[in-house]
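Visitor: I would like to learn how to read this model. Please take me through it step by step.
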Amino acid sequence: MKKGILLVNLGSPDSPNPKDVKKYLGEFLMDERVIDVPLWARTLLVKGIILNTRPKASAEAYKKIWWEEGSPLIVLSERLQEKVQKKVDYPVALAMRYGSMTLKNGLQELVDKGCTEIKTIPLYPQFAMATTETIDVKIDELVAEYFPEVKITRTPAFYNREDYVNVLSKSIGEVLTGLDYEHILFSYHGVPERHIRKSDITNGNCKMNGKCCFKMSSKQHEFCYRHQCEITTVNVAKKLGLKNGTYSTTFQSRLGFDPWLKPYTDRTIERMGKAGTKKMAIVTPAFVSDCLETLEEIAMEGEEIFHEVGGKEFTVIPCLNERDDFAQVLTNIIEEWATPEISTI
């Protein structure tokens with residue numbers, strides 16, 4: 001069986017034109033694992049309200065961060081794919097869950113190269129229903145319909161891999177070294193609290209009080225996004241020797257009025273600025289590629305909030321993007337699968 005690898009990221013509109021943004025948002029928000037309400041309610045919300053009000057504003061946001069080469073997320077993902085391909089002997093393709101770079105096209109590219117055994121690697125360190133799970137489900141549907149002879153191997157969340165923690169810590173440490181800062185926020189993409197409960201394979205062990213996130217072992221942790229975010233922060237703080245009280249975990253990008261994971265990033269920035277924090281750093285470890293949520297929501301909107309309430313210095317730490325050492329982490333994951341006797345961590 002010839003092996004191949006499919007790297008998968010979120011996706012992007014084809015352009016910052018409102019028409020392209022509307023098409024992208026429609027596909028994204030109609031996913032039942034993103035907005036997990038009955039189809040009639042999701043259709044009313046997305047097609048009846050959001051797609052009639054949000055595309056223009058979102059298009060303006062995309063214009064602020066759009067590169068000459070295209071969408072930052074796409075460009076950075078392509079650069080990462082190229083680096084990984086140079087490190088392994090197996091075909092490496094890139095696809096997006098939403099948008100023009102479809103999962104079907106990514107799978108077809110590998111099949112056309114003779115691959116019959118494909119390892120999918122969602123470019124999300126932490127598992128979430130609206131990210132990793134929707135990729136896995138869509139891949140299964142496509143394989144059943146179009147590629148029945150292909151064997152798929154999934155990649156578990158890699159938030160707690162030693163090599164990943166080392167690379168993430170190094171990338172943060174490179175910015176913090178010599179930086180005069182008072183507090184660092186670890187800002188993760190938020191999800192509705194109900195997503196955490198729906199992913200609870202223990203049927204009720206999750207109490208949503210934060211305490212169970214730090215228990216040493218639980219079956220729920222394999223699929224608990226909140227736990228995996230909290231532990232990512234803990235692991236990096238330990239690696240960097242951060243002092244208690246100088247860092248915290250927050251969640252960004254909430255949508256709608258349902259309860260989402262707290263504390264909220266924007267409100268935390270505002271609260272800390274009002275309380276007298278003058279120098280803040282912020283990192284976004286749920287994203288491996290800089291994108292709208294990091295370049296506009298954090299680096300632009302977040303900084304604006306901080307300055308409006310009296311903050312002075314707001315340092316945004318880049319995502320891992322196409323770093324050589326991050327490409328090596330993905331290479332390690334691939335080699336461990338392709339050559340099980342190899343252990344790299």
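**Reading the site and its sheet**

Guide: Start at His189, which lies in strand E5. Strands (E, at least two residues) and helices (H or I, at least four) are DSSP runs, numbered from the N terminus. The model is predicted: local features need pLDDT of at least 70, side-chain atom pairs count only at pLDDT 80 or more, and totals for chains, interfaces and linings use all residues. Residues are numbered from 1 along each chain as its sequence is written, and side-chain values use heavy atoms, leaving out hydrogens and water.

Visitor: Which residues does UniProt list for "binding site"?

Guide: The unreviewed entry lists His189 and Glu293. Such annotations may be inferred rather than shown by experiment; positions follow the numbering used here, and feature names are shortened.

Visitor: Is Glu293 buried or exposed?

Guide: Buried means under 20% relative accessible area, exposed over 50%, partly exposed in between (1.4 Å probe, protein chains only). Glu293, in helix H11 (residues 292-295), is buried at 19%. His189 is partly exposed at 24%. Contact means heavy atoms within 4.5 Å. Beyond four places in sequence, Glu293 touches His189, Gln252, Ser253, Phe287 and Ile298.

Visitor: What order do the strands of the open sheet have?

Guide: Strands of a sheet pair through backbone hydrogen bonds, either parallel or antiparallel. Pairing needs at least two DSSP bridges. Here four strands run E6-E5-E7-E8, with parallel pairing. E6 (247-252) and E8 (313-316) stand at the edges with a single partner strand each, so one side of each lacks a neighbour in the sheet. Four bridges join E5 to E7.
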